[in-house]
Every structure is written in structure tokens, then in C-alpha cells.
Amino acid sequence: MILLPDLAAMDRLGRAIAQELRAGDVVALTGGLGAGKTTLARSIIAGLGHDGEVPSPSFSIIEPYDPPSVRLPLVHADFYRLKHPDEAQEIGLDDYRSGAALIAEWPDHAGGFAHELGCLSITLEVAEEGRIAIVEGGPDWLGRMPR
């Protein structure tokens with residue numbers, strides 16, 4: 001469990017994740033509305049080198065980022081609007097993911113990713129002292145878990 005008392009702490013966590021992120025990894029962000037999923041995603045994307053605007057993919061569902069604006073290809077997806085996991089395949093998620101890392105908000109709406117070896121699952125919760133991040137990494141995250 002990581003305590004995130006303010007936005008600076010959230011930014012540090014995002015940048016720590018970005019430092020360790022590899023193509024093929026998934027950062028699966030879970031939490032209620034307003035828990036900070038998009039804020040954390042923006043910090044990860046900034047940590048990968050992107051210095052422009054990072055729109056929420058709530059309506060587009062998928063926002064791709066490619067070098068040189070980031071150090072590795074990345075897909076930021078918000079699956080909140082999906083009604084069934086099959087819809088993730090219908091929008092071509094596998095094609096977008098080829099050779100890229102994935103940040104997935106509302107991963108359960110796309111069928112989940114926790115079974116993947118490179119999945120870093122983060123549950124964000126609002127608490128009295130700010131936010132709490134519960135972080136669980138798949139086997140490929142051994143030795144590179146963010147702190």
C-alpha cells in the first residue's frame with residue numbers, strides 16, 4: 001500500500017512507474033469515479049517524456065502515444081463506456097497494443113488484465129489522508145515494483 005497524500009505524491013508514483021515501464025506491460029488502474037486514475041495515467045505519460053496535453057480517453061476510448069513524444073509506444077485506454085469485454089477486441093485493442101505498453105482505466109470492463117505476466121494492477125482509494133494505492137505486480141514486475 002502506498003499513501004498518496006497529495007498530487008505531488010501521485011506524480012512521483014506515476015513517474016516511478018514510467019521509469020520501469022516496458023513494451024508489453026499493462027498498468028491496470030481501478031477505483032471509483034474521482035479516485036485519481038486519469039491523474040495517475042497523466043503522470044505516467046509525462047514520466048515517459050510527453051510534455052503536451054494528455055486528454056482523458058473517456059470518449060475516444062483509446063489514445064495512442066508514439067516516440068519521439070514518449071520513450072516507448074503507449075496506449076492509454078479508458079474502458080468505462082464498454083458494455084461487454086468483447087468490445088475491446090472490436091475496437092482493435094490488440095492492434096494498438098502490439099509493441100506498446102498499455103495504461104488501462106476500468107480494466108474490468110475490457111475483461112481484465114491481471115492474468116498477464118506484465119500486469120501492474122493499481123487500485124486507488126480515497127481516504128482521509130488523501131489517496132491510497134494498492135499495487136500488485138505480475139511476475140514480470142519482480143525487481144521493478146514502484147515505491
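Buried means under 20% relative accessible area, exposed means over 50%, and partly exposed lies in between (1.4 Å probe, protein chains only). The model is predicted: local features need pLDDT of at least 70, side-chain atom pairs count only at pLDDT 80 or more, and totals for chains, interfaces and linings use all residues. Residues are numbered from 1 along each chain as its sequence is written, and side-chain values use heavy atoms, with hydrogens and water left out.

**View 1. The tilted ring pair of Y80 and W106.** In the pair of Y80 and W106, the ring centres are 4.8 Å apart and the planes stand at 55°, so the pair is tilted. Y80 comes from the loop between β4 (74–78) and α3 (86–90), and W106 from the loop between β5 (101–105) and β6 (119–127), so the pair ties together parts that are 26 residues apart in sequence. Helices (H or I, at least four residues) and strands (E, at least two) are DSSP runs, numbered from the N terminus. Y80 is partly exposed, at 40% relative accessibility. W106 is buried, at 16%. W106 also has a positive phi of about 55°, although it is not a glycine.

**View 2. R144 over the ring of W141.** The charged end of R144 sits 4.0 Å from the centre of the W141 ring. A charge sits over a ring if NZ of Lys or CZ of Arg is within 6 Å of the ring centre and within 35 degrees of the ring normal.

**View 3. The largest pocket and its lining.** The volume is about 300 Å³. On a 1 Å grid over the protein atoms alone, a pocket is an open set of points where a 1.4 Å probe fits, with protein on both sides within 12 Å along at least five of seven lines; lining residues have an atom within 4 Å of a point. Grid points are joined across faces, edges and corners, and the volume is the space filled by probe spheres set on the points. The lining of the largest pocket has 21 residues, and G34, A35, G36, K37 and T38 lie nearest the centre. At least two lining residues come from each of α1 (7–20), α2 (37–47) and β7 (130–137). α2 gives the most, with 3 residues.

**View 4. Helix α2 and its cover.** K37, T38, L40, A41, S43, I44 and I45 of α2 are buried. Their cover includes α1, β2 (26–30), β3, β4, β5 and β6. G49 follows α2 and has a positive phi, near 115°.

**View 5. The cis peptide bond from P67 to P68.** Omega of this bond is near 15°. P67 lies in the loop between β3 (62–65) and β4, and P68 is in the loop between β3 and β4. P67 is partly exposed, with a relative accessible area of 42%. Leaving aside neighbours within four places in sequence, P67 is in contact (heavy atoms within 4.5 Å) with L72 and P73.

**View 6. Positive phi at I61.** I61 is not a glycine, yet its phi is about 75°. I61 sits in the loop between α2 and β3. I61 is buried, with a relative accessible area of 11%.

Technical notes:
Phe/Tyr/Trp six-rings, centres within 6.5 Å; stacked < 30°, edge-to-face > 60°.
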